[in-house]
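Look through the sequence and the model below before reading on. The text after them starts from one residue and then widens to the whole chain.

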Amino acid sequence: MAQHESTYQPNTGVERWLDDRLPLPRLMHDQVNAFPTPRNLNYWWTYGGILTFCLAVQIITGVVLAMHYQPSAEMAFDSVEHIMRNVNWGWLMRYTHAVGASMFFVAVYIHFFRGLYYGSYKAPREVLWILGVIILLLMMATAFMGYSLVWGQMSFWAVTVITNLFSSLDSIIPGVGTAIVEWIWGGYSVTGTTLTRLFSLHYLLPFAIAGVVVLHIWALHVPGNNNPTGVSVKQNSDTIPFHPYYTTKDMFALTLFALLFAWFVFYAPNYLGHADNYIEANPLQTPPHIVPEWYFLPYYAILRAIPNKLLGVIAMFGSIAVLFLVPWLDTSRVRSARYRPLYKWFFWLFVITCLVLGYLGAKPPEGAYLTFGRIFTAYYFIHFLIIMPLLGAIETPRATPKSITEDVLDKASKGDGDAGAIAGVSGAPAAPETR
Ligand code: HEM
């Protein structure tokens with residue numbers, strides 16, 4: 001997997017026996033315990049572990065929910081209420097799963113913006129980044145299908161609106177879009193047949209995500225982690241073993257994240273949801289405002305910003321597709337925004353753009369909301385397609401440190417307590433590197 005030499009020493013006879021047949025303990029030792037990790041990772045690097053936790057929580061709670069859920073138009077809504085009221089701890093499973101979807105997206109967006117800020121998508125981590133974007137797409141598909149299963153008003157109408165988007169293909173080849181939509185529906189409208197297939201795929205996709213996550217971590221362990229300086233690892237003193245340093249740091253961050261998660265589950269489980277989804281699906285009554293869950297709002301704003309349906313759909317999918325190109329759109333030779341005086345500002349402008357698009361996605365597409373929707377949609381694409389390539393040419397990056405160690409020692413000598421402890425200059429014992 002990774003390029004560093006194995007330091008695994010089987011101690012017992014059983015370990016030696018297994019090592020010759022299935023060297024799983026060796027893999028764990030080399031890829032987790034002893035994995036050389038940059039010594040300067042900050043808390044934004046703890047989200048990969050947090051995301052793995054979120055995926056596990058969704059799979060475990062989801063499997064339990066599926067034991068009691070009924071994927072039919074007649075039973076779906078009632079079976080969810082049955083889980084809430086009759087099944088032992090059913091309410092906890094359901095609220096954890098529903099809040100868990102939101103927490104998963106909070107974590108993935110932070111993880112994604114961290115990558116954008118520190119240039120973690122740049123060579124040699126392009127494949128790692130592309131796998132991340134694939135995971136993001138799979139997460140979106142999974143969340144969309146999961147939301148439909150409740151079979152409330154928002155579920156039903158969200159499925160109707162989103163599946164109908166394929167009908168826009170009719171404007172290219174008449175009839176093809178409608179044929180695709182009817183094929184997805186399994187009929188001439190959204191029915192129990194549609195629900196059954198959404199359930200089947202909703203159960204399947206998280207395991208596909210888990211598979212891509214394994215590839216994602218594999219692709220991480222070949223070049224190793226990027227770090228806040230963006231400077232590559234050059235010498236042994238630039239790294240520390242993953243365990244116990246980052247296992248401890250990750251556990252601490254995960255505990256804080258779990259507290260926030262638990263606060264939502266126990267005190268505000270419906271805060272992030274829509275009240276209309278507690279009304280059973282009614283194909284004869286359209287809700288006044290059909291809005292997706294918060295994590296889809298920016299894309300929804302992009303979809304509605306363009307008056308032509310097909311172009312709106314292309315823009316919405318394009319807003320994700322453009323992420324695949326980011327490693328090549330960024331032409332700067334420096335990775336981290338820390339040393340990029342202009343990119344730093346444009347990064348924050350982009351964050352604000354995404355937040356504003358999210359706000360606009362929840363508003364009706366009319367008047368000033370629509371005008372701003374168009375401006376910010378245009379800016380979203382300008383950021384990637386014009387600003388990123390241009391900055392590489394016009395920006396003069398600040399001098400980067402020669403090595404990670406130099407940066408850490410420099411901070412330590414300026415009196416940063418943490419860095420001092422890490423560097424060992426404030427009396428803390430030196431890291432017992434065993435590489
Ligand atoms: C289920 C979702 C995901 C899981 C479980 C996951 C897991 C991880 C883990 C464990 C790491 C190493 C620790 C860290 O850097 O935080 C990592 C790194 C990384 N991930 Fe993800 N990830 C997910 C989604 C994504 C997405 C959506 C993207 C971007 C589109 C992405 C891009 C990256 C990049 C670029 C790195 C390398 C970071 C660096 O070393 O600077 N990941 N991921």
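**From one residue to the chain**

His216 counts as buried because it has 22 C-beta neighbours inside 10 Å; a residue is buried if 20 or more other C-beta atoms lie within 10 Å of its own, exposed if 12 or fewer, and partly exposed in between, with C-beta atoms placed from the backbone. This is a predicted model: local features need pLDDT of at least 70, side-chain atom pairs count only at pLDDT 80 or more, and totals for chains, interfaces and linings use all residues. Residues are numbered from 1 along each chain as its sequence is written.

His216 sits in helix H9. Helices (H or I, at least four residues) and strands (E, at least two) are DSSP runs, numbered from the N terminus. Leaving out residues up to four places away in sequence, His216 touches Leu128, Leu131, Gly132 and Ile135; two residues are in contact if their C-beta atoms, placed from the backbone, lie within 7 Å.

The largest nonpolar core has 47 residues, and Phe104, Ala107, Val108 and Trp151 have the most contacts inside it. Such a core is a set of buried Ala, Val, Leu, Ile, Met, Phe, Trp, Tyr and Cys residues joined through C-beta atoms within 7 Å. Helix H5 gives the most to this core, with 13 residues. A second, separate core of 14 residues includes Leu297 and Phe376.

In total, the protein chain has 16 helices and two strands. Buried residues make up 33% of its 435 residues. The C-alpha trace of the protein chain spans about 70 × 60 × 40 Å along its principal axes.
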